[in-house]
Amino acid sequence: MKKSTFSIAILAGLMLTASSCKKWLDVNQDPDTPQSPGVASVFPTQLAAISRGVQWDGRYLGKIIQNWVTNTGRATTEFTWDKHGYVSASDAGGDIWRMTYYGMGRNLDYIIKVGEENRQWDYVGAAWALKAYSFQMVTDYSGEAIFSEAFKDEGTSFKYDTQEEIYMGVRRYCDSAIKYLDKTDYEPTTVRLKTTDYVYDGDVTKWKKFVYGLLARNYNNLSNKAGFDPMVVVDYVNKAMGSNNDDFLLPFDGTKTDDSNFFGPSRDNLTHFRQSAFIVGLMDGSILVGNRDSASRDPRLPHMLSASKDTSGTKNGGYNGGIPGTGDPNTGNKVISQMWQDSTTGNPRISGVFIPTLGKYIFRDKAVQPVMTYAEMQFIKAEALYRSNTDMMAAHTAYKAGIKAHFDFINRTVFPRGNVAVFNTRAIPAVEVNGYLNGVAVEQNPNDLRLADIMLQKYIALWGWGLLETWTDLRKNHYNFDLDPVYHDAPVYNAWTPPATLETANQGKLAYRVRPRFNSEYVWNVDALIPLGGMNSDYHTYEMWFSKP
């Protein structure tokens, strides 16, 4: 990280005499701007930091996991991420790092400190929860990271801690969050969390569910470790989201560029991105059913993906996907539409006009960015129970509950703070939902359930937003190489195909991490990177601690 600005201030102060200190430093006092803001004014910025970090980096991570691909006709360098590479001397892919150490970082520590002084326990607990979330994200994204020295006030080099140490630290942060969220002896004259919490409206019960969800992710990520206990994961899931009403969702107002969804049509940040052939294959029947026709088609497909101009000339209704490193192989009326449009909606970008209902799914100006959902928790529970190989009936129940919850998520219209984000012009009818849940694309027999059934449905439910969790799942199973942990009869991700061509720097290996942010670590903190191999061109292919036995 860049040298602490606090340290620079100290050095500057040493050049001043004691008598002149106050005189010179007084110029930094602005009578119109609070020098010690209340935690209520700082907290919303921490929620906004998530959107910046996760969605900005999601553009690149979505290519690695094949949520989407770079469109045909782009410069060769734009295909780099599709081919599991990276752009050197660039901050591309560095925003989760920035979120953790700059966007949140000291701001969360400030909320914790001032909140404790004023007995604003709900703010303190929520801040600890977000601190746990940010460090879980940064270590799952980049591996070894700065933890114990993250915010020290002196020095120009900050040491990296192991993933194992950060995982343990995240658990401690979660414990602190629960401790403060359980406290009830508030200072009655202080501002409560409800005032500025646009996710849960100050409901500490839901914040605790979010924390238990973080613990479920943390423990479930270690399924390759000898000490993995799936029932601990199940216990945390049972304390996490109990329904879609507990989902952690960040809303966007969608009235102007600054408050619109980063993935929406008005901001146009996904102009050259196209849905992948992999997600289309999961939803048009060709992967889960082995038969690409209208009878096998997932009812969610037209609500989530974009049809080409040809909506009647193909067996799946005109839905096509791109190939990593190649782009859109289709021509004529089969060319893939942008992710917020198709032949039925046209291009929803209208200059200067913000219309919340334009676009598709989470690709609307006025939408929500999911951070954690009930559907995700049910798939985690299903995976853990499956790996335990003790109750396949319960695993199967959670698997189907996850699918049903995602259908309900798509059909949901009421969101936090009254923010309305209609995903589709019509809900998916109950008859279609039940038809899919009881059809051939969903395994009906608990004794025939495979981990692939669970993980591929989870991929669909997290498509477009749960990018890091999906990548963690892929890496845990070593992409398409690990066999089913119970039956050992087929790879878990056998349908996921690596790019035909990888970047030269990869040396034939798939990506397992994103390199730390260039404009801090590779400029200011090189000494800490060298022992890790961080200066090597293939550092991004080094396997993660969590994915190793």
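In this predicted model, a residue counts as buried when its relative accessible area is under 20%.

Q: Why is Asp 538 called buried?
A: The relative accessibility of Asp 538 is 9%, and the limit for a buried residue is under 20%; Asp 538 therefore counts as buried.

Q: Where does Asp 538 lie, and which residues does Asp 538 touch beyond those up to four places away in sequence?
A: Asp 538 belongs to the segment that follows α17 (526-529). With residues up to four places away in sequence left aside, Asp 538 is in contact with Ala 505, Gln 507 and Lys 509.

Q: Why are α12 and α13 called roughly antiparallel?
A: The axes of α12 (residues 392-411) and α13 (residues 430-437) cross at roughly 155° and come within 11 Å. Angles over 145 degrees count as roughly antiparallel, and the two helices are therefore given that description. Their crossing is right-handed.

Q: Which residues of α12 and α13 meet, and what is the make-up of the contact by class?
A: From α12, Lys 400, Ile 403, Lys 404 and Phe 407 meet Val 433, Tyr 436 and Leu 437 of α13. By class, this contact has 5 nonpolar and 2 charged residues, with no polar ones.

How values were computed:
Residues are numbered from 1 along each chain as its sequence is written. This is a predicted model: local features need pLDDT of at least 70, side-chain atom pairs count only at pLDDT 80 or more; totals for chains, interfaces and linings use all residues. Side-chain values use heavy atoms; hydrogens and water are left out. Buried means under 20% relative accessible area, exposed over 50%, partly exposed in between (1.4 Å probe, protein chains only). Contact means heavy atoms within 4.5 Å. Axes are lines fitted to C-alpha atoms, for helices over the stretch in contact, and angles run from 0 to 180 degrees between N-to-C directions. Angles under 35 degrees count as roughly parallel, over 145 as roughly antiparallel, 65 to 115 as roughly perpendicular and the rest as oblique. A crossing is left-handed if the near helix is turned anticlockwise from the far one by less than a right angle, and right-handed if clockwise. Ala, Val, Leu, Ile, Met, Phe, Trp, Tyr, Cys and Pro count as nonpolar, Asp, Glu, Lys and Arg as charged, and the others, Gly among them, as polar.
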